[in-house]
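Please walk through this structure element by element, with the sequence beside it.

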Amino acid sequence: MQLTCTYCNRVANTKDHIPPKGMFPKPRPASPITVPSCSNCNSSFSKDDEHLRDFLSFREELSDNPFVKQLNKSIPRRFDRPQSHGYFNYLHARMGEETVKTTSGIYLGRKATFNVDIKRIERVLGRITKGLYCHCFENKLMEGFNTQVYTQEYFLSLEPEHEENFRSIFQSNLANEQWFVVVPNGFEYKYKALPNSAYTVWIFRFYSKYYGFGVTLKEEEKERQNKNKPITYRPCIMTE
Ligand SMILES: [Zn+2]
């Protein structure tokens, strides 16, 4: 059994759930994937996990998912607690409103929007990539390797020529791979190890519709890729 933490080099004394268990209302579905984690790492994840859950459950296109429906029912109760007021203000500051049109230009009216804290979502995706790597290959990510992750927002903000490259990395490489269902309607993933290299590519699907992407690659490669990242992301449309 692996005794070191999946995310750092300390001794593992807890288990981290993949996907984060906070994504699901109680009673929570049994999540069969856990990876060894130290308590330091494990306790540092909760705010990012909370943001992932809220960012996804606020999204209009996910509002008919059974888990999301239940999560949204508990929102008033969650924010009523005095200890949640600071977090509520943080979320509130990220909300806005904008005019929405269909891709063909039909006016849909003014809609409430939410500006996601992309860094938080990327941290969760990075952890999921490392965790699933450890789960699938029964080994920690090698020294000198790291993860590079992309949100669906990133993909949608790409220029056409970069979009093609992105599609070839993720869609073409993974087209024939099967989806592993961790929680039905909740979390699925597929992955592939690229031949003759230690690179792996991953697609994650949250609540059946929201996609996240990950790769494992050499540390120096990550730095090079970071420079090409766009900075602005469009806010997502919120559930009414
Ligand atoms: Zn750790």
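Two strands pair if DSSP finds at least two bridges between them; helices (H or I, at least four residues) and strands (E, at least two) are themselves DSSP runs, numbered from the N terminus. This is a predicted model, in which local features need pLDDT of at least 70 and side-chain atom pairs count only at pLDDT 80 or more, while totals for chains, interfaces and linings use all residues. Residues are numbered from 1 along each chain as its sequence is written.

An open sheet of 5 strands has the order E5-E9-E8-E7-E6, with antiparallel pairing. Its edge strands, E5 (145–151) and E6 (180–183), each pair on one side only, and the twist from one strand to the next averages 20°. Within this sheet, E8 (residues 200–206) and E9 (residues 210–218) run antiparallel and are joined by 7 bridges, with Val201 standing opposite Val215 in E9. Helix H8 (residues 160–174) lies across E7 (187–193), E8 and E9, and runs at about 85° to E8; here axes are lines fitted to C-alpha atoms, for helices over the stretch in contact, and angles run from 0 to 180 degrees between N-to-C directions. Two residues are in contact if their C-beta atoms, placed from the backbone, lie within 7 Å.

The largest nonpolar core has 39 residues, and those with the most contacts inside it are Leu56, Leu132, Trp202 and Tyr207. Such a core is a set of buried Ala, Val, Leu, Ile, Met, Phe, Trp, Tyr and Cys residues joined through C-beta atoms within 7 Å, where a residue is buried if 20 or more other C-beta atoms lie within 10 Å of its own, exposed if 12 or fewer, and partly exposed in between. H6 gives the most to this core, with 7 residues. Leaving aside neighbours within four places in sequence, Leu56 is in contact with Leu62, Phe206, Tyr207 and Tyr210.

The buried residues of H6 include Ile121, Leu125, Ile128 and Leu132. The expected span of a helix is 1.5 Å times one less than its number of residues, so the 20 residues of H6 (residues 118–137) should span 28 Å, which agrees with the 28 Å between its end C-alpha atoms. Just after H6, Glu138 takes a positive phi of about 50°.

E4 is joined by 7 bridges to the antiparallel strand E3 (residues 95–101), and Glu98 stands opposite Lys111 in E4.
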